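Visitor: Hi there! Could you walk me through this one?
Guide: Happy to; have a look first.

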Amino acid sequence: MARIALSSSLAPYTDGVLELELEVANVRQLFQALGERYPELRSHLEAGIAVAIDNEIYQDALLQPIDRDSEVILITKIAGG
Amino acid sequence: MSTMLKYQEKELKIVGTRPLRPDGVDKVTGRARFGADYNLPGQLIGKVLRSPHAHARIKSIDTSAALALPGVKAVVTREDFAEMPDEMAAVGELMINFRDVTRNMMAREKVLYDGHPLAAVAAVSESVARAALALIKVEYEILPHVIDVVAAMKAGAPLLNEKQYTAGVKPKPDHPSNVAKRLEYGHGDLAAGFKQAEVIIEREFNTKPVHQGYIEPQACLASYSADGQAELWTSTQGHFVFRAQCAKVLQMEVSRIRVTPTEIGGGFGGKNNIYNEPLAIALSRKSNRPVKMVTTREEVFRGTGPTPGANVKVKIGCTRDGKITAAEAELNFQAGAFPGSPVNQASMCAFTRYDLANVRVVGHDVTVNRPKVAAYRAPGAPIAVFGVESVIDEMAKKLGMDPIDFRLKNAAKEGTQTYYGPKLGPVGYVQTLEAARAHPHYRAPLGPNQGRGVATGFWFNIGNETTCSLNLQEDGTLTLMLGTIDVAGGSRASMAMMVAEELGVEFERVRPIVGDTSSLGFNFLTAGSRSTFASGMACVIAARQMIEKLRQRVAKIREVPAEAVAWKDGRAQPADAGVAQFAPMTLAEIARMGGKTGGTIAGHAEINAQGAGPGFGAHIVDVEVDKQTGAVKILRYTVVQDVGKAIHPAYVEGQMQGGAAQGIGWALNEEYVYGDDGILQNPGFLDYRIPVASDLPRIDTVIVEVPNPNHPYGVRGCGEVPIIPPMAAIANAIENATGLRLREQPFSPPRVLKAIDDAAAAKG
Amino acid sequence: MARNHVSATVNGDQVEFLCETGQTLLDVLRDELRLTGTKEGCGTGDCGACSVMVDGRLVCSCLMLAVEAEGKAIQTIEGMSAGEALHPLQRKFVEHAALQCGICTPGILIAARALLARNPDPSEAEVRFWLAGNLCRCTGYHKIVDAVLDAAREMRGA
């Protein structure tokens, strides 16, 4: 099971849950699983979430694989100027 | 598939040198064409009618007199644009609420700021267009307005959107609010951290909006054909993003709009958003003629997005030996008329330079009756860092520690846990601090009324969707088609340098151009310090793909196995003395035979670049304060920054100097001045004072290179970091010179004088 | 509305154009004569992007009415190089990377040339104060000053 952590700013959308374990093989599956569990989080997942997998940050990388013992952290997307 | 190409240390021939940029001659001769330099036969001139009120309901708009004026060929209002639902929609890879986009572009129920567009006309000349605007009759019901962020957050403040409830709050509030969103980041135990602290400093700061100040106002030219295809020339940081947004608001298929990016006269984030483009296309559609729309400087100030102004609270606790035990901040950002200030990124940047066990940042995105904010170089970060780095400086002084040593003691490094989620990879914060401390500037003597200040900055940098195409022409030269806009002239050159390095050919052999939206797949904006990183990665991939094809082709031509062919020093050569030998082939020789041996040879890349590396910077500034006038003079300025790898050092230096200069203006003079009536009083360069040549000294630069492991040449972005430290560095220098701590930006002469006078009064 | 007929010299060439009374010289250069090298940054004489020479004097063309150009000799950026040969200032700007986006560059080059015509050996401070009427948002002016001083050195006869 991959260890999933959420950035503290996402707490309002998951009733305060910031750590969980999920059986997912890529980012898209991760978003699907999280979206089912936390419907309030769903719009944020597609809109503005980047994913750090073992400390490498990925933005808009739905097919990025997640290994069985990966550490995954969801953070908000970055834009710039 | 996301793409990361690992860094490989190797001997470089071209990357790191300073060749002349390929578009330089056009720019110094006036030949280069910017947004307003394009014209089409039969074109009309388009102009926009803007609200004279800060907040009002639109009861009616009567355009009949305008339409009847001879020479007027089309008029558009809210009636000409579809309603958009209140939801986030994907556009390219941004998620945007188009309900807000379409309203910012043309007001529907209400006007929400002085300058808000509500109608546009197209006429045979500018003077006729202006006359037509004066004939449009609008009935307004004026409403109370609010422009101060703290006032807008209070219950009972005039509401911009009666259906806006603060997101991110549990339970969901039952009254609407101007606070569009609340967010919170943090980790550890803040209360325990402050308990551990032996010294605590808590301060409040206020900043005004400032404009990106690009010298070229927005300009576009649209030509709509009766078969439903539109051509658009516009000055933009992202032609694919503009195409996507125009297509959405105009309800057109994306590939029916062909956007050609013109040269761009500065953007800095301010040209990431559409303004007149959909209006020009709609007017062209209605009039069946091309329509050119050029914004005036006054319209730029009244109608395009500045940064937020903000209210910032910072509290830091420390042990006596200099270890930060707790850090807290509250960031209240003006979003302007619609939600979407960069308070999220500001929150993530506020404390990231430090390794903190206990930290919390709360941010509020607040709507006010001002233009909708737009990005400006490291959006939000300079504001948050103004507060944090000022308090860091105060703390160092209170503890009797050198300001750089204090930062070093708490510095973030590789492996530091950020408070927004991941751990930092290899980063150069310590190296930039040490380089700053070692610089002769840091020890130079100071005279009376002079002071020195230091501050640091951090920015994430990004990658994202990028495409490019590299073609071998029949004479052995190469054309490189890029999809990433070249805002500052350095990136076109840097891409060509990386391709030339990969292929082992001279720089001049690679001709880069930026293609239109029909030439390539989607490219994200040039923003987020991403172009050299992401487009560079794409170019390297395209070059390597071309090399592979060249090897295969030579193997066929010379009738040897492919493994026998190596690409070295710009030619196909035998790979190994032992295996098959053959006469080497140059690019020109291969190209000449290309058509007859299978077709021309090309490389291309369509990637979503990942693995951008964050950048850190440290600035040192010396100031002299004139106690009679309150004027603050910048005597000396040094920018130290980790850029990963400087592909073209002159352009990296230019980014460091330019960003610092903008930060200096932000600190000393720039601000939006509003009257109590909510009307902007200084929409021009006379009273909105950006730095001029005589305001600034030489800006020395020190390039630190801690390679980004996720880019083939180690590139991090470099464009945004340098605007982050100046406000705090200058506030710290003023304090060092006078003992006065300024927490209201800008530190203009009246404010400095007031602080001097207040201090004297308090003493005496 | 009736338009005015104006004759002038631009970059050494005789020109004639029609203009409304309210049009500025900048409007006419760009929209009637199609010389788009001179830029509008502000329209109020504050940014210098529209700098041209009129009878040997440095002028903001946005502050001059087109009708005032009658009989005058005007020089714009398009006349600065001699065929393919760039003026030393133009060359030095490219060599020193003294431009980034390039929008302010024509105005700064015209202004810098005017400075060197009256003061061939300016100090750094003199360069900075002379160019204070030309706003640049990209460069921080550092490399611009270096380029002007280097061009001055070359023009003095190195």
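This is a predicted model: local features need pLDDT of at least 70, side-chain atom pairs count only at pLDDT 80 or more; totals for chains, interfaces and linings use all residues.

Visitor: Good. Which pair of chains has the most contacts?
Guide: Chains B and C do, out of the two pairs of chains that touch.

Visitor: And how far apart are the nearest C-alpha atoms of chain A and chain C?
Guide: They are 14 Å apart, and chain A and chain C do not touch.

Visitor: Back to B and C, then. How many residues does the contact take from each chain?
Guide: It takes 43 residues from chain B and 43 residues from chain C. On the chain C side, helix 2, helix 3, helix 4 (124-130) and helix 5 (142-155) each supply at least two residues.

Visitor: Which of these gives the largest share of that side?
Guide: Helix 2 of chain C, with four residues. By class, the side of chain C that touches chain B has 21 nonpolar, 14 polar and eight charged residues.

Visitor: What about the contact of chain A with chain B?
Guide: There, 26 residues of chain A are in contact with 39 residues of chain B. Helix 2 (39-48), strand 4 (56-58) and strand 5 (71-76) of chain A are the elements giving two or more residues to the chain A side. The largest share, four residues, is from helix 2 of chain A.

Visitor: And the classes on that side of chain A?
Guide: You'll find 12 nonpolar, 11 polar and three charged residues on the side of chain A that touches chain B.

Visitor: Switching topic: at what angle do helix 2 and helix 3 of chain C cross?
Guide: Roughly 130°, with the axes of helix 2 (residues 88-95) and helix 3 (residues 105-118) coming within 10 Å. Helix 2 of chain C is therefore oblique to helix 3 of chain C, and the crossing is right-handed.

Visitor: Which residues make that contact?
Guide: From helix 2 of chain C, they are C:Leu89, C:Gln90 and C:Phe93; from helix 3 of chain C, they are C:Thr105, C:Leu109, C:Ala112 and C:Arg113. That contact has four nonpolar, two polar and one charged residues.

Visitor: Now the strands: how many bridges join strand 3 of chain B to strand 9 of chain B?
Guide: Six, and strand 3 runs antiparallel to strand 9 (residues 137-142). As one example, B:Ile58 has B:Tyr140 in strand 9 of chain B as its bridge partner.

Visitor: And how does strand 3 pair with strand 7 of chain B?
Guide: In the antiparallel sense, over two bridges, between strand 3 (residues 56-62) and strand 7 (residues 110-111) of chain B. B:Ala56 stands opposite B:Val111 in strand 7 of chain B.

Notes
Residues are numbered from 1 along each chain as its sequence is written. Chains are lettered from A and ligands numbered from 1 in the order in which they are written. Two residues are in contact if their C-beta atoms, placed from the backbone, lie within 7 Å. Axes are lines fitted to C-alpha atoms, for helices over the stretch in contact, and angles run from 0 to 180 degrees between N-to-C directions. Angles under 35 degrees count as roughly parallel, over 145 as roughly antiparallel, 65 to 115 as roughly perpendicular and the rest as oblique. A crossing is left-handed if the near helix is turned anticlockwise from the far one by less than a right angle, and right-handed if clockwise. Ala, Val, Leu, Ile, Met, Phe, Trp, Tyr, Cys and Pro count as nonpolar, Asp, Glu, Lys and Arg as charged, and the others, Gly among them, as polar. Two strands pair if DSSP finds at least two bridges between them.
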